[in-house]
Amino acid sequence: MIESLGLFEAFRVLEYLPIRRGFIVLMVAGAVFPLVGVLVLRLNLITLRFTLMHAALLGSAIALAAGLNPLVAGIVANTVVVAAISRARSHATGDAGAITTFFMVVTVGLAFAVIYRFRVPATDALQILWGNIYAMTPVDAWLTVGFAIVVVAFVVMNFTAVSAVLFDRSVARSAGIREGIIYTTIILLVGLTVSFVMRLIGALLLDAILILPALMALSLAHSVRTTFLWAALFGMAVVFFGFALAILSDLPVSSGVTIFGAVLFLCVHAVTRHRLYRSTQRSLT
Amino acid sequence: MSQADFRKAPASASESAPAPSFAPAPAPAPPVVLQLSRGPQVLYTDTGAWLHPLLNLTRFLGDPLQDPADHTLFDTIVGRAAALLIVRLGIRRVHTETMSRRGIPVFDRWDVAWSSDRVVDRIDCRTEEILADEHDPERAFRVIRARALAALARSEPSHRALSLDGVSVVRGDSLVLDDIDLPVGRGEKLLITGANGAGKTTLLETIMGIVPPSRGSVTLYHRSTGASPVVSAAGRIGYVNQADVSGSLPISAEEVVTIGVAAARASRREKRERVRAGMEATGCAALAPRMYRTLSGGEKRRVTIARCLAQQAEILLLDEPTASLDGVAKGELVALLEDLAHQYEITVILVTHEAHMIDRSGWRHLQLSHGTLSAAGAAE
């Protein structure tokens, strides 16, 4: 009862418009971006995700040095990297993994070279890595929601094709699915999620929303459909209770969400292990 | 092997004299070499060569005759292969101009009343040699059908499902496929064996268009796969790959089969129906809600083949499908493939290093070694 009252008290901060706006965007992000997390994990795009973070940092550094908009520059930098990787993987000679790793190292090196050479304040450049949901403008919020709608529309409208690409790309190709287009779109979505949403809600929060719910969903679900549903549900739960934890504990929202996400992940992991143990015992008897 | 190695002789007037009711069509029309009659009524005639008239008659009749006593067949030459086909059709009265002694035990065993103008020891035909010890009409039919399809594919491009012409594939410094010529007939079952690393998977990937040939061309149903091989091949080929592809993805068996209809231009209802029909045809409908990765190897193969059926693939490419299966499951898989190939007239190309697992009757058997294909096994 006391805890319930605490939770209730925590959400009284939503009376403040910037916090309410941030919370709504956070809930939308929690419901939608774990879907991208499923794609990242299943297609082994973790390296790509870091590469895009570094590319966004490079774009931001160049923009600050040239007096341009860092967000736009970050998106442009990521789009260039996605195009380069897609082009490399479309040629038989290209090793997409090696090229992604190459870009991951080169972009961060160049970013710091630009920061040093043009005396860009590092804290300004690194701003792209930690957004602040309370500092969101209405336009930022609508952009995030709009992008979330694009992600959901892509997954829903291409559900079977996306499932096929997650299952096996050569099978998808033989079934007549234009898997190259689907795969490139997925990479583009990941790139946009990283560069665009990260700027709005921050890198740490994005990781907590992107990866942890997807991990939990993949361990519990029995089909691709339920994987996406579980990921969205876990994402919303992580965001909701993580937000409350942050308010109650006077922590940054990103920390609260990450900590709650980690605890929930451990619980889910324990449940799946227990389920596996019982299933094994049943099989033995 | 070819159609020409057993060409039926034109029936002359004197040779056909003993059976007036079976008299061939008058000149100048091509001589009738096969005729099915019911009393005085002629039901079917054919002027083709080799065993094609009997195969055509098989298609014409559809099912074996239900009232064999009323029917009489005239065939110019009957060897063991023809005798087995005739028995399979349910025909029990036959007249021929030339009867091979190898065919007589077949007729005797199945109580076929036969008459002949002359009896010869043997007919010079490769098919006769292959079927010399065969007693099962169904198995014989499969062998003959496979040989007929292969022969047709060689001589008639319009009967080809697939054709590789002078295909070479270079990977790195090594020549994986070397000047491969491979016509494959529609509905043919082709078995390609070879050691690990012989290039079997590369051959399948080249057919699918995933690996472009360094030289030569791949043609699917008269269309060169050209500059966009993957797009050209898309949908016509059902691919059963070697690896256990599911990994850790939680995907249900039904979702796997649904992949087959992802690119189909059909209504939702029709797609659902195709998925259901594919799963029922392969006996895996009950597995629909199960998670794919928890299925046994044999169940996974059934689900995968159901996906290809839902896709309405015309060519089925199977890469080591019997790997990781136990003996029973291997046998069941091969039987399923043969049934489906027969039922749906799907062209099946199976590559494996476990040729001993497959009863090669009914399969054209080629060996891939050092990048080149050559005839192998009893079926050749």
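The chat below goes through a predicted model with chains A and B.

Q: What kind of model is this, and what are the cut-offs?
A: This is a predicted model, in which local features need pLDDT of at least 70, side-chain atom pairs count only at pLDDT 80 or more, and totals for chains, interfaces and linings use all residues. Residues are numbered from 1 along each chain as its sequence is written, chains are lettered from A and ligands numbered from 1 in the order in which they are written, and side-chain values use heavy atoms, with hydrogens and water left out.

Q: What are the scores?
A: The model has ipTM 0.78 and pTM 0.71.

Q: And what is the mean pLDDT of chain B?
A: The mean is 80, and 84% of the residues of chain B reach 70 or more. pLDDT is the predictor's confidence in each residue, from 0 to 100.

Q: Where does pLDDT stay under 50 in chain B?
A: One stretch is residues 1-22, with 50 contacts beyond four places in sequence in the model. Another is residues 227-232, with 11 such contacts. Contact means heavy atoms within 4.5 Å.

Q: Switching to sheets. What is the strand order in the open sheet of 6 strands?
A: In chain B the order is β11-β12-β13-β8-β14-β15, and the pairing is mixed. Two strands pair if DSSP finds at least two bridges between them. Strands (E, at least two residues) and helices (H or I, at least four) are DSSP runs, numbered from the N terminus.

Q: Which strands stand at the edges?
A: β11 (237-240) and β15 (372-375) of chain B do; each has a single partner strand, so one side of each is left without a neighbour in the sheet. The twist averages 20° from one strand to the next.

Q: How many bridges join β11(B) to β12?
A: There are 4, and β11(B) runs parallel to β12 (residues 315-319) of chain B. B:I237 has B:I315 in β12(B) as its bridge partner.

Q: Which helix packs there, touching β11 and β12 of chain B?
A: Helix α11 (residues 297-310) of chain B does, and its direction makes about 170° with that of β11(B). Axes are lines fitted to C-alpha atoms, for helices over the stretch in contact, and angles run from 0 to 180 degrees between N-to-C directions.

Q: What about the open sheet of 5 strands, what order is that?
A: The order is β2-β1-β3-β4-β5 in chain B, again with mixed pairing. Its edge strands are β2 (41-46) and β5 (113-120) of chain B, each pairing on one side only. Here the twist averages 15° from one strand to the next.

Q: In which sense do β3 and β4 of chain B pair?
A: β3 (residues 71-78) and β4 (residues 93-100) of chain B are parallel, over 5 bridges. Within that pair, B:V78 is opposite B:M99 in β4(B).

Q: New topic: is A:T107 buried or exposed?
A: A:T107 is buried, at a relative accessible area of 4%. Buried means under 20% relative accessible area, exposed over 50%, and partly exposed in between (1.4 Å probe, protein chains only). A:T107 sits in helix α5 (residues 96-117) of chain A.

Q: What is A:T107 in contact with?
A: Leaving aside neighbours within four places in sequence, A:T107 is in contact with A:T51, A:H54, A:A55, A:L58 and A:V81.

Q: Last one: how many residues does the contact take from chain A and chain B?
A: The contact takes 24 residues from chain A and 28 residues from chain B.
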